[in-house]
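I opened this entry to record what I looked up, going through a sheet, a loop residue and a helix in turn.

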Amino acid sequence: SERSGEDAFSKHSKKRAQRMMHYNVSFQPFTATIHPKSPAKSNRMRHNVSFELSSFRSTDVSERDDDASLSEESLNSSGSIFMRTPTSFPPTPTSRLYYFERGSRFTENVIFLARDQLRVERGLDNQNEQTRAMSSALREGSRLAVFDAADAGGGGIALSCGQHIATKVGNALYCSTRSMIPVMRNSYVYFEISVSPPPSMDASGNNVNTQVAVATLSIGLSTLEMPLNTLVGAWKGSVGLCSTGQILQAGQWLSSNSQEHSTYGCNSTVGCLVYIDDTSAFDTWEGKNVVADITFNINGCLIPLAATANEDAESDAADHTGDSTLSLVAPKAQELFPTVTLHSPATCVMCRFSADDLLANSRKEIGAPHGVTVYSVDGSVLLDDNSNSVEDVDDFLDTSSALNAFPHEEVAL
């Protein structure tokens, strides 16, 4: 006669099942009803985990009904990233940790993507004409103010949190990533990049492994011509502020008047104010070039430039920013993109391309002249022409309280 329940399995089989599942498994018999899968409906079972805007398209009512009717089938589908049956559930603690972390990353990406899309929709109703135009261009082009996944260091950089956070995972010497959208022309545009503590630093800020505790990177602007395995600033039409305090502009090193105040690393936020002046275009044998005025700051402190670094700066620059503003020559036909080059292993940075995420509070911190409107990369207004601080600008919707809660001295991603 057939044995049932616990008697149907040998002692060796029970130990093997417990070793695979990591907990006691009941061997009592149960009844299961199996329904054959409908071929017409199985084609509709798609688990799209892409975060491109084009992948989030609407479906008709009949398609939503068909997907809902397959909810029981999806529970037993081993191809889903959400549902796992006992036979497909990761058997080891390491694989289970990876599985749950992948689900958490998916959730974070969806939340950040929804927030960014809401910001674009909000910008369409903004009173500023340039903000409305930029939001309309972002929606029509299915673009967002985030790091570009296509330019993630040639596979050496991993993007997370809706492509707002970039982490170096490759072994190349330099891994660069650019923003998905360029900075606007003929307008003052400001953005920030925050550097996260490395994995070797614990919650109290103590170094566990001093060999990789120092983050080395460079933050600046570049054109699409710059290769992603190049240090930003080494290529023509690019500039970058290195964590060593030096500025690399079109392959030439520039020094700062205050070297100790121009260095940065973990828990630092680097800001960059840029103004691309199309009226400054001039002809060269390579074509027309334009001049972009750029001002760097670290944690709200402007970086003063040495006299030799400012020889070619335009004489009509503002007095209070002249010593901190450098002039970059770039091809007029090329756009400038906020760019980050990661050098040290596991270096992690977060982009702040929206006015809601920026930490700067006044014109003095970013070096913006009076009487001009300062925009962020996504076109949102940071400072209008009548305000000198962020407190003077009315914020009718705050969607980034978690990001704005960190001061310059303590950046958490």
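I count two strands as paired if DSSP finds at least two bridges between them. The model is predicted, and I read everything below with that in mind.

Entry one, the sheet. I began with β7 (residues 247-249), which three bridges join to β8 in an antiparallel run, and I noted that leucine 248 has tryptophan 253 of β8 as its bridge partner. Both strands belong to an open sheet of six, ordered β3-β13-β5-β6-β7-β8 with antiparallel pairing. The edges are β3 (175-178) and β8 (252-254), each of which pairs on one side only, and neighbouring strands are turned by 20° against each other on average, direction ignored.

I looked up serine 268, which lies in the loop between β8 and β9 (269-284).

Thr131, Met134, Ser135 and Leu138 are its buried residues; they lie on the same side of α6, because they cover an arc of only 100° around the axis. Their cover includes α5 (93-123), β15 (374-375) and β16 (381-383), whereas Glu129 and Glu140 are exposed on the other side of α6. At the helix start, a side-chain oxygen of asparagine 128 comes to within 2.9 Å of the backbone nitrogen of glutamine 130, and α6 is followed by serine 142, with a positive phi near 55°.

How values were computed
Residues numbered from 1 in each chain as written. Predicted model: local features only at pLDDT ≥ 70, side-chain atom pairs only at ≥ 80, totals over all residues. Heavy atoms only, no water. Helix = DSSP H or I, 4+ residues; strand = E, 2+ residues; numbered from the N terminus. Axes fitted to C-alpha atoms, helices over the stretch in contact; angles between N-to-C directions. Buried < 20%, exposed > 50% of the residue type's maximum accessible area, 1.4 Å probe, protein only. Arc of directions from axis to C-beta. Contact = heavy atoms within 4.5 Å. Polar contact = N/O pair within 3.5 Å; in protein donor to acceptor, adjacent residues only side chain to side chain.
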